[in-house]
Structures are given as structure tokens and as C-alpha cells.
Amino acid sequence: MTLQQFLLILWARRRLVFFTFLATVLTTTVVSLLLPEEYSASTAVVVDVKSPDPIAGVVLPGLMAPGYMATQVDIINSDRVAQRVVKMLKLDENPAIREQWEEATEGKGQITPWLVQLLQKKLDVKPSRESNVIAITYAGANPGFAAAMANAFAQAYIDVNLELRLEPARQSAQWFDSQMKQYRERLDKAQAALSEQQQKSGIVATDERLDYETQKLNELSTQLTAAQAQGTDASSKRKSGSADTLPEVMQSGLVNQLKSEVAIREARLKELAGNYGLNHPQYQRAAAELAELKAKMGAEIGRISSSIGTAGTISKQKEGELVAAVNAQKTKILELKKQRDEISLLVREVESAQRAFDAVSQRTTQTRLEAQSIQTNVSILNPATEPLKPAKPKVLLNILVSIFLGTLLGVGAALMLELMQRRLRSADDIAQGIDLPVLAVIEPESAGGWLQFWQRLPGRLPRILPFRPRTA
């Protein structure tokens with residue numbers, strides 16, 4: 001279809017196009033004027049995703065996720081926020097609203113879900129593309145009501161957002177409270193077991209007691225070694241044979257003095273024997289004195305030798321006693337080590353329970369603070385105010401749109417009607433219909449001229465062309 005054909009069709013169907021266009025514009029204008037006015041109030045909230053958590057002191061990784069802002073939009077559009085708005089404004093207690101609910105639902109169900117659905121229909125939430133600002137818009141017939149609802153949704157969103165953050169913290173706090181009780185009981189049991197074991201064994205400072213007993217064992221071992229050495233020395237001296245060669249005898253001053261006197265008396269006795277003879281009284285007296293000195297010296301040597309044997313016997317007895325004492329001390333030290341190991345195990349159990357209790361206590365304190373926190377990362381940027389002009393209906397915009405749509409509808413109706421009832425509008429239509437070139441164009445003076453022209457065409461032309469001539 002050429003532009004000329006298109007324009008000829010529009011000109012031929014100009015009445016249809018005009019009336020279609022006029023009906024569309026008039027209908028749109030009347031409907032726009034009759035529609036009730038609707039006011040839109042908007043408020044803006046800003047979501048802080050960069051500031052650290054006031055309790056933990058770190059930036060939560062969930063705040064930096066790409067879907068975080070979309071999640072916030074879904075929260076605002078959720079039933080929970082709308083229910084909070086209903087409770088906040090006490091809409092379910094309004095008699096007029098209750099009458100509307102009863103008329104709409106015949107008293108079936110609950111009023112809160114019905115109000116939630118109505119409120120969500122008028123709510124529009126749009127996040128900013130390049131910032132953390134979310135616009136909350138509410139449309140209503142009353143400007144004051146629209147502003148109040150927009151502000152109520154913003155505040156309800158802040159409250160619900162805070163609750164969503166506090167609910168996990170409260171649950172964690174309750175769980176940590178129960179865990180802290182268990183760990184406190186474990187710590188108390190460990191401390192009680194340690195105290196009982198200390199009282200039972202009488203050990204408080206295990207290392208000092210063990211060091212003392214070990215030192216005592218070392219002393220007994222030293223004494224035992226000395227006693228064994230003395231006994232061995234005495235036994236070897238007794239087995240040496242001659243008592244005169246004993247070191248104690250040779251080192252004795254009395255024995256040496258007696259030996260000197262014996263030697264002097266023997267020399268004098270020899271002198272008296274040579275001068276007076278063996279039967280002389282002086283010789284006899286000197287011989288008796290010599291014998292007395294020898295007997296005294298022998299008694300002293302015997303006493304020394306006997307003392308050495310007695311010392312050896314005492315050493316043997318002392319050695320036996322020291323061996324028993326050393327064995328008893330070893331047993332005592334082993335028992336102390338066993339008790340020390342038991343107490344050390346109990347001490348480690350107490351320390352482990354104490355560390356676990358401290359960790360749980362610290363986490364419990366943190367979760368309690370988080371559960372009691374009233375700080376949120378959402379704040380109102382611009383509160384909603386009462387709009388001065390209605391947002392809907394937009395009469396001028398609707399008329400402009402209706403002009404465009406009316407034009408399209410008129411043109412479309414003309415083309416559809418033309419396709420259903422095809423007409424000859426120009427020489428091009430005849431050329432396309434019979435697939436022959438146009439040699440000349442005769443401009444008829446009237447509609448009858450077109451009829452005569454049509455009647456002069458060959459009889460086969462009506463069977464070829466799918467349209468019929470238009471009569472005068």
C-alpha cells in the first residue's frame with residue numbers, strides 16, 4: 001500500500017476516523033473528570049550499610065550484599081509491616097472501617113488481613129538505583145490520610161526492621177542463658193571435686209609438698225650411702241687379720257704412747273737383766289710393769305678393734321633402717337605424685353570449665369546487649385507532608401494520551417473496514433488488481449462516470465478484482 005492509497009482510504013473513511021477519535025477523546029475526558037481525586041504522599045528512608053554494628057563493632061557482611069536493598073523493599077511490602085500500621089493507627093477499631101469490612105465480607109474472617117490487602121494496594125515502594133534511599137508512597141482520597149499512612153509505613157518499617165534484628169539476638173540470648181547455667185554447674189562440680197580431693201589428700205600446694213618429700217628422700221639416700229660405706233669399711237677392717245695394723249689403732253695416741261713406754265721399759269728391762277739378773281727384785285718389778293703396760297696396750301687395741309666391729313654392726317642395722325625408710329619415702333612420693341596427677345587433672349578440668357564459662361558468659365552478655373538494643377540502621381530522611389494537588393486523575397495527560405489513542409483507533413478502524421469492504425480509490429488499485437500497466441487516467445465528472453467506466457470493462461474483470469464498484 002502506497003502513501004497515496006493510505007491517504008485516499010483515510011479521506012474516504014474520514015467520518016469513521018473522526019467520530020472514533022472524537023468518541024475516544026470525549027470518553028477519556030469525561031471519565032477523567034468523573035474519577036475521584038487521589039492524593040499521593042511520599043516519605044523517604046535511608047538505610048545505613050557502612051556504619052559498624054554498635055554492639056559487635058564490625059560491619060555485618062549481610063548489609064553489603066547486592067540483594068539487601070531488595071530485601072528491605074520486600075519487608076516494607078510485607079504483611080507484617082502493614083499489620084503494624086493497622087495496630088499503630090488503630091484502624092481495626094474505627095467504626096466506619098468496620099462497617100465497610102462487614103459490608104464487603106459479610107463479617108467473615110478477620111478485619112486485619114482485609115485491611116492489610118487494602119493498604120498494600122495503595123502502597124508504592126521504590127528504591128533508589130544509585131543510593132541507599134527508599135521512597136515510600138501512599139495514595140488516598142484524603143491528603144492528610146495519605147501523608148499519615150506514608151509516615152506510618154515508614155515508622156512501621158523501622159520498627160519491624162529492628163524487631164527482625166532483635167528476634168535472633170533474643171533467641172540467642174535465651175539459648176546462651178541455658179548454656180551458661182549448664183557450664184556454671186559444670187564449673188561448680190569441678191571445683192567441688194577439686195576441693196574434696198585436696199581435703200582428702202591434705203595437699204594444697206602439690207609442687208611444694210612433693211619437693212619437700214623428694215628432698216627428704218635425697219637425704220635418706222645420702223645417709224644410706226654413708227651407712228653402706230661405713231659397714232663395708234668396718235667389714236674390710238675386720239677381715240684384715242692383725243688389729244695392730246688397723247688405721248684407728250695406728251692413729252690412736254694412747255696406743256702410741258703405750259708403745260713408746262713399752263719400748264722404754266723393754267730397753268730398761270734388758271739393762272736390768274744384764275746388770276742384776278733375771279731374779280733381781282728390780283728386774284722382777286720392771287718385768288711386771290712391762291707386762292702391765294703390754295696388757296694395757298692390748299686392752300686398748302682390743303677396745304679399738306671391738307669399737308670398729310660394733311660400728312660395723314651399727315652401720316648394718318642403720319643401713320637396714322635407712323633402706324626401709326627410703327622405700328617408704330619412695331612409696332610416699334609415688335602416692336604424692338598420684339595424688340598430684342589427680343589434683344592436676346581436676347585443676348585442668350576446673351580451668352577448662354572456667355574458660356568455657358567465661359566464653360559463654362561473655363557471649364551471653366553480648367547477645368543480651370544486642371537483644372536490648374534500640375538502635376537501627378534505618379532512619380527517616382524526608383517525612384511525608386500533605387500534598388496540595390491531587391496526583392490522580394491527570395486530566396491533561398489523559399487527554400493527550402486519548403488524542404494519540406483516538407487517532408490510532410480511528411486509523412485502525414478505517415483500515416480494518418477497508419480490508420473488509422475493498423474499494424477502488426485510484427488508478428494504482430486497478431493496476432494492482434489486473435496486473436497491467438495504466439495507460440491513461442480518465443477523470444470522471446461524477447460518480448456516474450465511474451459506473452459507466454466500470455460497465456465498459458471486460459466481463460472477466462469482476463471475477464479478477466475482489467471488489468465491486470460503488471454506485472451513485
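This report describes the confidence, the sheet and the helix packing of one predicted protein model.

**Basis and confidence**

Residues are numbered from 1 along each chain as its sequence is written, and side-chain values use heavy atoms, with hydrogens and water left out. Because the model is predicted, local features need pLDDT of at least 70 and side-chain atom pairs count only at pLDDT 80 or more, whereas totals for chains, interfaces and linings use all residues.

The confidence of the predictor in each residue is expressed as pLDDT, from 0 to 100. Over the protein chain the mean pLDDT is 75, and 74% of the residues reach 70 or more. Helices (H or I, at least four residues) and strands (E, at least two) are DSSP runs, numbered from the N terminus. Confidence is highest in helix 4, at a mean of 90, and lowest in helix 15 (residues 461-464), at 40. Over residues 457-472 pLDDT stays under 50. For that stretch the model has 17 contacts (heavy atoms within 4.5 Å) beyond four places in sequence.

Four strands form an open sheet in the order 2-3-1-4, with antiparallel pairing; two strands pair if DSSP finds at least two bridges between them. Strand 2 and strand 4 are the edge strands, each pairing on one side only. From one strand to the next, the twist averages 30 degrees; axes are lines fitted to C-alpha atoms, for helices over the stretch in contact, and angles run from 0 to 180 degrees between N-to-C directions.

Strand 1 (residues 39-47) pairs with strand 3 over eight bridges in the antiparallel sense, and four bridges join strand 1 to strand 4 (residues 378-382), also antiparallel. Val45 has a bridge partner in strand 3 and another in strand 4. Bridge partners in these strands include the following.

| Residue | Partner | Strand of partner |
|---|---|---|
| Val45 | Ile134 | strand 3 |
| Val45 | Ile380 | strand 4 |
| Val46 | Ser379 | strand 4 |

Helix 7 lies across strand 1, strand 2, strand 3 and strand 4, and runs at about 25 degrees to strand 1.

**Helix 3 against helix 7**

Helix 3 packs on helix 7 at an angle of about 115 degrees, with the axes 10 Å apart. Their crossing is right-handed, a crossing being left-handed if the near helix is turned anticlockwise from the far one by less than a right angle, and right-handed if clockwise. From helix 3, Gln72, Ile75 and Ile76 meet Phe153, Tyr157, Val160, Asn161 and Leu164 of helix 7. The residues of this contact divide into six nonpolar, two polar and no charged; Ala, Val, Leu, Ile, Met, Phe, Trp, Tyr, Cys and Pro count as nonpolar, Asp, Glu, Lys and Arg as charged, and the others, Gly among them, as polar.

Gln72 lies in helix 3 (residues 68-76). Gln72 counts as buried because its relative accessibility is 3%; buried means under 20% relative accessible area, exposed over 50%, and partly exposed in between (1.4 Å probe, protein chains only). Leaving aside neighbours within four places in sequence, Gln72 is in contact with Ile134, Tyr157 and Asn161.

In helix 6 (residues 111-121), the residues Ile111, Trp114, Leu115, Val116 and Leu119 are buried. The cover over the buried residues of helix 6 includes helix 4 (79-89), helix 5 (95-105), strand 2 (123-127), strand 3 (133-140) and helix 7 (143-201). Ala104 has its place in helix 5 and is exposed, with a relative accessible area of 52%. The C-alpha atoms of Ala104 and Trp114 are separated by 9.4 Å, at 10 residues apart along the chain.
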